[in-house]
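Here is a walk through one protein model, written for someone who would rather look at it than read tables. Keep the viewer open and follow along.

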Amino acid sequence: MLRTVPCRWFELVTTRRDVARVLAALAERGTIELEARGPQPWAPMTSGADRALERYRELERLWRAHWPAPQAGSEPIVDPAATLGARVAALEAWAGDAGPLVAERERVAAQARSIGDLVRVLEALPAEFPVVGAWEVGTRVAADMRIHAVAPHAPPIDAPEGVLRLSVRGPDDEYVVAFGRAGDLAALDEQLAARKARRIVVPPDLAGGATEVLAALAERRKALEQRAGGIAHELDALARRHDVARALGDLGVIDWLASHGSELSASDRLCRVTGWTTADDAAMLCPVIDGGPARCVARFAEPPAGATPPSLLANPPWVRAFERFARMLGQPGQDEADPSVLVAVLAPLLFGFMFGDVGQGAVVAVAGWLLRKRVPVLVLLVPGGLSAMVFGLLFGSVFAREDVIAAWWLHPLEQPVALLVAAIAVGAAILVTGLALAALQAHWHRAGRAWWARDAGLVLAYVALLAAVAAPGAFWLALAGALWYVTGAARMAEHGATGGALAGVAQFVEHLLQLVVNTVSFARAGAFALAHAGLSAAVVALADAAGGAGYWIALVIGNLLIVALEGLVVGIQTTRLVMFEFFVRFMKGTGRSFRPLPPPFVPLPHRNGSHE
């Protein structure tokens, strides 16, 4: 699990007739990444295909909302160029016939929206309110009315003198109803136009109060709905006449094939497909089509010279959520360690150490479980919360209180020094693990002798310094490690032993100081554990001071604040310690991720076979 798995190079030969469906079936499985390695790239279309494809995309932008769902044809696409021309011609013919219907549909939809807006306004007015007619505005008679829809919370409007204005709030917009003479409303219209307000037209043939007008609008809306249904039926008939669904299906596949055709090579009858795959068996690269194996042959081969295979992280399901930590610094290469399985242990350990509380940890774990599908990264809160519950038992903390259960280990505020020492000890163990992974990678790179000749001395010196805290005599081993490193650097130098030794001294001091600083940096884990305990104690003190019902209110609100604030801070610190203290010891991120061939937009028929 510590080593990445390189993808395998494959070569596949199939017929031009079947290439689209073979590629689509493999793309649906997500098992291949195309990479061209051949002298004769396949040009699946003629020189005029680019113009035809651009015309198809232009038609799609204009008419997509009025097209049926794409449907793939039952026959394979033998000649993509000829099929492309025929299908684009079918769409253009449909557009010529359907244009007037689409324009009418849009007019009907606009009228329906306007009536809907007007209904919402009238429903908020008194039942006898006159919609069309004359209104008394002060001592003047107003013979005009305006209704505009404006965005909620829009800046206030200064109504001109002689204009009466009402505001009606709807579910999405706020409606401004204004009364006055036509000339007096002109200035108001300008203000509303500047705010991009939408004018709602009142049909001039309406009469009566709001109740009568609403009844008339309901009849008009029903008539519009019937006409919209008729238009939809006519458009469906036109789509069937011009076979638009099949045209869209074939064009989607051709567009997809043209996008990836440069990765293929071909002769007059056959196509050669090359690239990388995650399949374990070459036979899986010839999928089942039309109830039987596709007409193709496939094999694994040695990668071309200079090709870099994508690397896969092969981890069990419970580790995969932690792979995102390594990918933040780049994909581990073929001879690099994948630290995901170690991070799956270390990250929850650090989070729980800094956030130790049984009750709060349970809240975090449940929140992560409930939100894992909506925000996948939050699944990391589940192991973090469970770890916090374990450390809550060790610290004797339940929802910020330390008098509910006895601490299995210690109370942080009572023994802060022990807590800080434990944090530094955990950090030292993590750094030693990073150094061990660096040694393992040197072995994979066939540089094990160089590591033992020089870098092993640095590891000895670091471990000896750690041991010297308890046994001062180990300090001499640290000096031996320094001598080991410098001697190895002198022996490995290409431009003289003296210069190599001097460079080795500088490098040793730099690397050892980095390790010491990184070790001390883990004291922050203990500091945040103390901060969490201190904040919990403050919440409990406030709750005790409130007393009665205030006790429970203060305790609940205080715990929620701790979970939100401390949870965020501790999560950031955990990520920082893992990435900038642990990963820097060994990880380079020299690999590249596997980029599977995306499937076409339209599913092709007769795709059987197992999925990986």
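## Ground rules

This is a predicted model, so local features need pLDDT of at least 70 and side-chain atom pairs count only at pLDDT 80 or more, while totals for chains, interfaces and linings use all residues. Residues are numbered from 1 along each chain as its sequence is written, and side-chain values use heavy atoms, with hydrogens and water left out.

Helices (H or I, at least four residues) and strands (E, at least two) are DSSP runs, numbered from the N terminus.

Start with strand E2, residues 8-15. Six of its eight residues are buried, so E2 is largely enclosed by the rest of the structure. Here buried means under 20% relative accessible area, exposed means over 50%, and partly exposed is in between (1.4 Å probe, protein chains only).

Which strands pair with E2? Two strands pair if DSSP finds at least two bridges between them. E2 runs antiparallel to strand E11 (residues 270-277), with eight bridges joining the two, and Thr-15 has Leu-270 in E11 as its bridge partner.

## A four-stranded open sheet

Further along, four strands make an open sheet in the order E7-E8-E6-E9, with antiparallel pairing. The edges are strand E7 (164-169) and strand E9 (198-199), each of which pairs on one side only. E7 is joined to strand E8 (residues 174-180) by six bridges, and the bridge partner of Arg-165 in E8 is Ala-178.

Strand E6 (residues 144-150) has six of its seven residues buried, so E6 is largely enclosed by the rest of the structure. Seven bridges tie E6 to E8, with Met-145 opposite Phe-179. On the E9 side, E6 has two bridges, and His-148 stands opposite Arg-199.

## Aromatic contacts

A search of the whole structure turns up 15 aromatic pairs. To count, rings of Phe, Tyr and Trp (its six-membered ring) must have centres within 6.5 Å; planes under 30 degrees apart are stacked, over 60 edge-to-face, and the rest tilted. Trp-63 and Trp-94 are edge-to-face because their ring centres are 5.7 Å apart and their planes meet at 85°. Trp-67 sits in the loop between H2 and H3, so the contact ties together parts 27 residues apart in sequence.

Elsewhere, ring pairs link Phe-353, Phe-391, Phe-395 and Trp-409 into a cluster. There is a charge-on-ring contact as well: the charged end of Arg-372 sits over the ring of Trp-369, 3.7 Å from its centre. The test for that is NZ of Lys or CZ of Arg within 6 Å of the ring centre and within 35 degrees of the ring normal.

The largest pocket holds about 600 Å³ of space. Its lining has 24 residues, and those closest to the centre are Ala-438, Asp-455, Arg-585, Phe-586 and Lys-588. A pocket is an open set of points on a 1 Å grid over the protein atoms alone where a 1.4 Å probe fits, with protein on both sides within 12 Å along at least five of seven lines; lining residues have an atom within 4 Å of a point. Helix H13 supplies the largest share of this lining, five residues.

The second largest pocket has about 470 Å³. It is lined by 22 residues, with Phe-351, Leu-380, Leu-381, Gly-567 and Gly-571 nearest its centre. Helix H17 gives the most to this lining, seven residues.

## One residue pair

Met-389 lies in helix H11 and is partly exposed, with a relative accessible area of 25%. Its C-alpha atom is 47 Å from that of Val-486, which is 97 residues away along the chain.

Methods. Points joined across faces, edges and corners; volume = space filled by probe spheres on them.
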